[in-house]
Structure formats: structure tokens, C-alpha cells
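Here is a briefing on one protein model.

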Amino acid sequence: MATERELNKRIKSIKNISQVTSALAAVSASKASRAQRQVEATRAYAGKAFEILNNLASQPDVGHPLLTARPEIKNSALILITGDRGLAGAYNTNIVNRVEAFIRALPLSCRVITVGRKGRDLMIRRGYNVVATFESLPDSPSILDITPIAQVVTDDYLSGVVDEVFIAYTDFVNLITRRPRVKQLLPLRPLDFAGMAVSEYVETVDLSGVSDRVYLYEPQPAALLDVIVPRFTQLQIYQSVLEALASEHSARMVAMNNATDNAGELIEILTLDRNKARQASITSEILDIVGGAEALKG
């Protein structure tokens, strides 16, 4: 049995750890809320951009390479979004396992582009074809931080290196619930957007009669598509990253809260053991005194 001094050291150490986990939980809750507000702020822009994109895509004789599905799929690419750090429970493992199952089900090879160190390390360790990595995104990323990621997949698609692109991220439902998702990113299907990345952000857009509306486009529709389609792809990746960030921070908040609760329970158990050890020590000293007194009488 540990001595009273050893137990005191362990209790002090666990109290220090619980203070750290409690502070991390508070910081993660704040960051999750901020990421969610950021993604909500893009909803209005996404809705209008999607409305215009839908109208342009429905026009005859107007097309764009990023809107055109290939007749034969030879290669695929997938963007995997994870965190740079751990201490977030099963957040990183769940999305990587979801991606592994998705890739195994694909009939063709798949190039992987990772965002986040944890996903990069796990995919390389498991032998997947990781062709590009991005890491150390800020807690509040801007569209400029996402642009290099979008540029890589857009260039690969336009050059014919890949024929379809998917994106894997963790969908933030609330502070307790998160869902790993794998959705299509390219080619864009504005007339059939179900199953596309972050489609939930434009599902409330009223598209009734959009294709019949007559807009006066300046410059010409083809020139507008050249700008809108790549930007809409960037927006999808940006919203996916924000969803993943909110999910990561909420997962870390829950993990740290659990760690704090466990530390409290452990402190209670060790405190009880320390009291027992102290009582045993006092009892032993009393017995020694009584024994000594009895010896002196004899």
C-alpha cells in the first residue's frame, strides 16, 4: 500500500492535470462556437451563388469543365480533413476509418490529399497514395487559407489527372453529435445537388422557377461561370473545413470534460486511500506507545 506522502503527491499531480483539462474544455467550447458562427455567416452567400449557378447551368449552350461529368472514371481523388492535434477522443480515427471504407469500395485508385497532420500520418502509415498535404490551418481560417487546397484539386480535375473528386469531413450537428461524411466535390451538379459537399447549406434555397428567370448577365454567362464555379468549389471546401473545425473543438471539449470528471473521481478514491493510510499510521503509533508503556510496567 502506498504511503500517505506518496498519495499526497499523486493527488496534487491529478489536481494540476484536472485544472489543465478544465481550461482546455473551456477553450475548445469557445472555438467550436466561433467556427459554427463562421460557417453560418457563409450561408447567405452560398445560397445566392448557388441560385445563379443553377440558372447558368440550365442555360443551353453554356457549360464549364468543372460542371461536366466524365463518361469514364479512371482515377479519383479525395480530400481528407482531420485535426493537427490529438486529445479529441475518436474524432480523427472515426473520419479516417470512414475514408478507408470508402476507398476500399471504390473500383479504381484514389489519390489522397490530407488537411491536418493526424490524417496525413494515419493515411501514410496505412499505405495510401497521399499526393499533397496541408496543415497548421488557423483556428479562424479565411478563404485565402483554403485557396491552395482548391487549386490542387481543380488543376488535377481540369488536367485530367483525376475524373472525380470527393471530400471527407466531420459534420458538426451539435456539441455532442458529430457525423463523418464523404461527399462528392467535383464535378459540380448544380441541377442535382443532393449528395454534394455541404449540400445542407443550400437545401433551403428556393429554386422554383430559377431556370426560367431571365437575367441580364454582364459579362457573358460563360465568363461568369469561369469565375463562379471555381469560387463555389472553394466555398464548399471552406465550409467543410469550418464544419470539421467545429467538430474537432467540440470533440476535444467533450474529451477534456470527461478527463476532468475522471480526475475528480480519482482524487476522491486517492483521498479515501490517504485517509486510510493516515488512520493506519496513527493506529500503529498508538499501538507502539501502548506496547512501550506495557513493557515499562513489566
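The protein has a radius of gyration of 28 Å, whereas a compact globule of 298 residues would have one near 19 Å. This radius is taken over C-alpha atoms, and the globule rule is 2.2 Å times the number of residues to the power 0.38. The model is predicted: local features need pLDDT of at least 70, side-chain atom pairs count only at pLDDT 80 or more, and totals for chains, interfaces and linings use all residues. Numbering starts from 1 along each chain as its sequence is written, and side-chain values use heavy atoms, without hydrogens and water.

**Overall form**
- The C-alpha atoms fill a box of roughly 115 × 40 × 25 Å along the principal axes.
- Six helices and five strands are present (DSSP runs numbered from the N terminus: H or I, at least four residues; E, at least two).
- From the N terminus, their order is α-α-β-α-β-α-β-α-β-β-α.

**Burial and cores**
- Of the 298 residues, 43% are buried (under 20% relative accessible area, 1.4 Å probe, protein chains only).
- The largest nonpolar core has 47 residues (buried Ala, Val, Leu, Ile, Met, Phe, Trp, Tyr and Cys joined through side-chain atoms within 4.5 Å).
- Helix H6 (residues 221–297) gives this core its largest share, 14 residues.
- Another core, apart from it, has 16 residues, including Leu80 and Met123.

**Largest pocket**
- Its lining has 18 residues (an atom within 4 Å of a point of an open set on a 1 Å grid over the protein atoms alone, where a 1.4 Å probe fits, with protein on both sides within 12 Å along at least five of seven lines).
- Gly83, Asp84, Leu137, Leu245 and Glu248 lie nearest the pocket centre.
- H6 supplies the largest share of the lining, five residues.

Notes:
Buried < 20%, exposed > 50% of the residue type's maximum accessible area, 1.4 Å probe, protein only.
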